[in-house]
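Hello,

Here is the structure I promised to pass on. Please have a look, and then read my notes below.

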Amino acid sequence: MNHDVPTPESGIENKTTSTPSVVPTQYLFPFILVTTLFALWGFANDITNPLVRAFKEIFLISNAQSSLVQWAFYGGYATMAIPAALVIRKVSYKSGIIIGLLLYAIGALLTIPASMMMDFNIFLVGFYVLTFGLAFLETTANPYILSMGPRETATQRLNLAQAFNPIGSLTGMVVASTFILPSLQVADFRAAEIAAHPEYATMLPSEVDGLITTSMEEHAIAEPEARQEMVAHDLDVVKTPYVVIAVVVLAVLVLFILTKLPDTGHEEEEIHLVQLLKNLLTNWQYVGGVIAQTFYVGAQIMCWTFIIHYGMTLVGLSASQAQNCNIVAMGIFLASRFICTFILKFLDPGLLLGILAIGGGMLTAGAIFLQGMTGLYCLIGVSACMSLMFPTIYGIALNGLTPNDAKLGSAGLIFAIVGGAFMPRYQGALIDGEGMTIAGQVLESVRVSFFLPLFCFVVIAIFGFSVAFMRSKQTAPSPVS
């Protein structure tokens, strides 16, 4: 997932002085070493999205079942976010990183027995364990980077480290687009079916998609041995990049074990859990932020996961072509991040969040109601509106909290990644369902499914504008009596 995490102390502000060093010399090597972790979890996040569609055709399962990939992946984040935060309070940052890397490698290596046994459920267990590791890495690396230097340059330091996260994300997308998806034999089967039926050229892509799926099911019954060979080949293709990244992660793990890292301190103060929960749950801005973050992560994962279904089912693209649309969306996401960060100097964060959510909702509506490539362009454009949502919601939610409250409060915001587990599952079920007719326009089930991310953007807009309204009331001059 691509997100920046501002410091709790800085709230939603990004003003730092330029005099202190961003990365002091004594921390330069540790900073570089820890920064590699940002690329590692970016790779894992974005190589997984296209597997939802790939597993649907490899295992011949429903969209709801294949979306369990995201259920397992982001469910692992949600399960381990708070335990990781509690563990890291008691051990060194280095120990937290080692635990995270070990879990990452174990999860990735579980793809070996999963592919050998051709078992979808073992793949799910592997993704679940892998993201236990990612939760440890994210919960550890962010505060460790913040601690490597003056407090005044903490935000700059973290933003610099976070710049390497999209490099990992783009690498994962490119590997999926150029290595995994084109190498699948189910993709060859699809291409052969299209070549053998010239009448498909006159039919709607959604109809063609359904006919090809039926042909795959009939082939599995008529030629079970050939089908087994196809599945074995394709799962071996899926497994390979995970085995490679596991080797890389283990090499990084050894490097961390052998490297002496600075002990910049960790939290050992006793946790007063009841009082902490009371402080957080009575803060409407924090509670609203966790809710908004849940819906944001759900919207992001849905738009980036099911863009492949949209491109293949509604436009007639191949899986690799549809994944290339995700790469374009990521490029737009990154460019928009810089633009929106500049705009943030002039607009209240809540107001900008609300405006971006309205824009995301309108573009999602375009993906629902506009036909052909125009609808696909709208779906790609949604990424421009999502670019700054995660860090903006994060900063708003923690703004005003004490440092101790914010440290564990941030774990609640990482827990909100659970939205990426639940919502794709629901969207997959909608894709499996029937289409509908609205105002005389027939909407295929894939289009109907995007009403779910549209609703997510409505929730985010309500939160953003509410925050902006409350801030304007607080800063408004008192009437003179």
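Which residues make a nonpolar surface patch of about 380 Å²? The patch is made by I355, I358, M362 and F465. Helix α17 (residues 349–369) gives the most to this patch, with three residues; helices here are DSSP runs of H or I with at least four residues, numbered from the N terminus. Patch residues have over 30% relative accessible area and no salt bridge, and nonpolar side chains (Val, Leu, Ile, Met, Phe, Trp, Tyr) are joined within 5 Å. A salt bridge would be a side-chain nitrogen of Lys or Arg within 4 Å of a carboxyl oxygen of Asp or Glu. Areas come from the Shrake-Rupley method with a 1.4 Å probe, with only the protein chains shown counting as cover for residues. I358 lies in helix α17 and counts as partly exposed at 41% relative accessibility (buried is under 20%, exposed over 50%, partly exposed in between).

A word on the source: this is a predicted model, in which local features need pLDDT of at least 70 and side-chain atom pairs count only at pLDDT 80 or more, while totals for chains, interfaces and linings use all residues. Residues are numbered from 1 along each chain as its sequence is written, and side-chain values use heavy atoms, without hydrogens and water.

Now the domains. The chain is divided into domain 1 (21–263) and domain 2 (273–480), with bounds from an automatic or database domain assignment. Their C-alpha centres lie 21 Å apart, and 36 residues of domain 1 are in contact with 36 residues of domain 2 (contact means heavy atoms within 4.5 Å).

The largest nonpolar core has 148 residues, and V34, L37, F55, I58, L101 and Y104 have the most contacts inside it.

F55 sits in helix α2 (residues 51–59) and is buried, with a relative accessible area of 0%. Beyond four places in sequence, the contacts of F55 include V69, F120, F123 and L235. Counted likewise, L101 touches L37, L40, L137, V249, V252, L253 and F256.

Finally, L110 is in the loop between α5 (93–109) and α6 (111–117) and is partly exposed at 23% relative accessibility.

Best wishes

Terms used:
Core = buried A, V, L, I, M, F, W, Y, C linked by side-chain atoms within 4.5 Å. Buried < 20%, exposed > 50% of the residue type's maximum accessible area, 1.4 Å probe, protein only. Patch = residues over 30% accessible without salt bridge, like charges linked within 9 Å, V, L, I, M, F, W, Y side chains within 5 Å. Helix = DSSP H or I, 4+ residues; strand = E, 2+ residues; numbered from the N terminus.
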